[in-house]
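Have a look at the model, then read on.

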Amino acid sequence: MKNTHIIWYVFEAMRPRQWLKNIAVFIALVFSRSLFDASAVIDSTLTFIAFCLISGFSYMINDIYDKDSDNIHPEKLKRPIASGALKESTAMKIAGIAGPVIIAICVLWSWKVAAVLFIYFILQLAYSRFLKHVVLFDILAIAFSFVLRVFAGAVAINLAPSSWLLFCTILLSLFLSLCKRRHEALLMKETAHIHRRTLSEYSPLLLDQLISFTTSTFLICYILYTVYSETATRFGAEGLKYSTVFILYGIFRYLYLTYSKNLGGNPEDILVKDKPFLVNIVLYTIFVVCVIYFKG
């Protein structure tokens with residue numbers, strides 16, 4: 001029974017809800033018109049699973065370093081390592097062994113994907129150890145981790161990722177990260193700097209300006225991508241530009257939830273629990289698939 005509990009706590013420490021972020025590996029699959037290619041779908045799915053595992057073990061290591069600060073956070077103190085349900089030594093042994101093993105196994109399947117996983121894992125270790133304590137670099141590190149997911153999804157199906165999509169990815173991830181920082185700063189208030197040292201460097205005004213900048217830049221980048229002549233030529237249709245309507249609503253909805261409902265702390269919760277936001281994503285996905293695959 002004790003072993004069963006440990007397995008459950010290890011699974012919880014891997015934060016399965018945040019595995020939704022790894023859906024980013026499928027972006028290249030969709031926009032490369034490979035969605036109905038069985039081989040490409042399998043390779044993308046394997047990459048998704050690999051990222052779920054490697055990111056899960058990265059979260060465990062991060063929680064070990066954050067144990068003390070998580071204990072003063074009203075939500076994070078419930079995590080297995082912070083609460084003491086999972087021992088630090090046990091978590092470190094599991095993550096320290098399982099992470100490299102997963103990368104080694106991936107080498108047998110695709111050395112390119114394994115290389116991206118290795119970079120991602122090292123980045124997460126660096127983030128957990130010191131990057132999270134360096135103002136601005138903490139945000140950029142999170143954004144780059146999303147770029148690595150998209151890049152891995154591309155190399156998994158032997159494609160060069162679009163520069164437009166990479167730029168959109170890093171801008172969108174910066175937007176989400178900044179909203180999360182704003183939520184943490186407001187939630188923790190006077191003790192925010194104790195939970196995360198960089199929060200003392202992020203004033204509400206600075207965060208609001210950065211959010212505004214990344215929001216507008218992301219929208220411009222996405223719109224330019226959809227109206228770019230090469231995009232229309234590749235997909236054989238110009239209808240992709242109309243998907244901007246869904247992007248606008250999604251951004252507006254997220255800003256509403258962040259500023260009016262104080263829900264910007266967990267993007268994965270918004271994705272799952274907010275029905276209007278979820279419906280918008282589903283409609284956006286359907287629209288994009290129809291334009292890319294059935295308008296050519």
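Let's start with helix 3 (residues 38–65) and helix 7 (residues 111–129), whose axes lie 9 Å apart at an angle of about 15 degrees. This is a predicted model, so local features need pLDDT of at least 70 and side-chain atom pairs count only at pLDDT 80 or more, while totals for chains, interfaces and linings use all residues. Residues are numbered from 1 along each chain as its sequence is written, and side-chain values use heavy atoms, with hydrogens and water left out.

- Two packed helices are described by the angle between their axes and the distance between the axes.
- Axes here are lines fitted to C-alpha atoms (for helices, over the stretch in contact), and angles run from 0 to 180 degrees between N-to-C directions.
- Helices are DSSP runs of H or I with at least four residues, numbered from the N terminus.
- Helix 3 and helix 7 are therefore roughly parallel (angles under 35 degrees count as roughly parallel, over 145 as roughly antiparallel, 65 to 115 as roughly perpendicular and the rest as oblique).
- Residues of helix 3 including F51, I54 and Y65 meet residues of helix 7, among them L117, Y120 and F121; contact means heavy atoms within 4.5 Å.
- The contact of helix 3 with helix 7 has 12 nonpolar, 6 polar and 1 charged residues. Ala, Val, Leu, Ile, Met, Phe, Trp, Tyr, Cys and Pro count as nonpolar, Asp, Glu, Lys and Arg as charged, and the others, Gly among them, as polar.

**Helix 11 and helix 13**

- Helix 11 (residues 204–227) and helix 13 (residues 244–259) cross at roughly 170 degrees, and their axes come within 10 Å.
- That makes helix 11 roughly antiparallel to helix 13.

**Cysteines**

- The disulfide count comes to 0, where a disulfide is a pair of cysteine sulfur atoms within 2.5 Å.
- For C52, the closest cysteine sulfur is in C106, 12 Å away and too far for a bond.
- C52 is buried, with a relative accessible area of 6% (buried means under 20%, exposed over 50%, partly exposed in between, using a 1.4 Å probe and protein chains only).
- C179 is buried too, at 0%, and its sulfur is 17 Å from the closest cysteine sulfur, in C168, too far for a bond.

Conventions. Helices (H or I, at least four residues) and strands (E, at least two) are DSSP runs, numbered from the N terminus.
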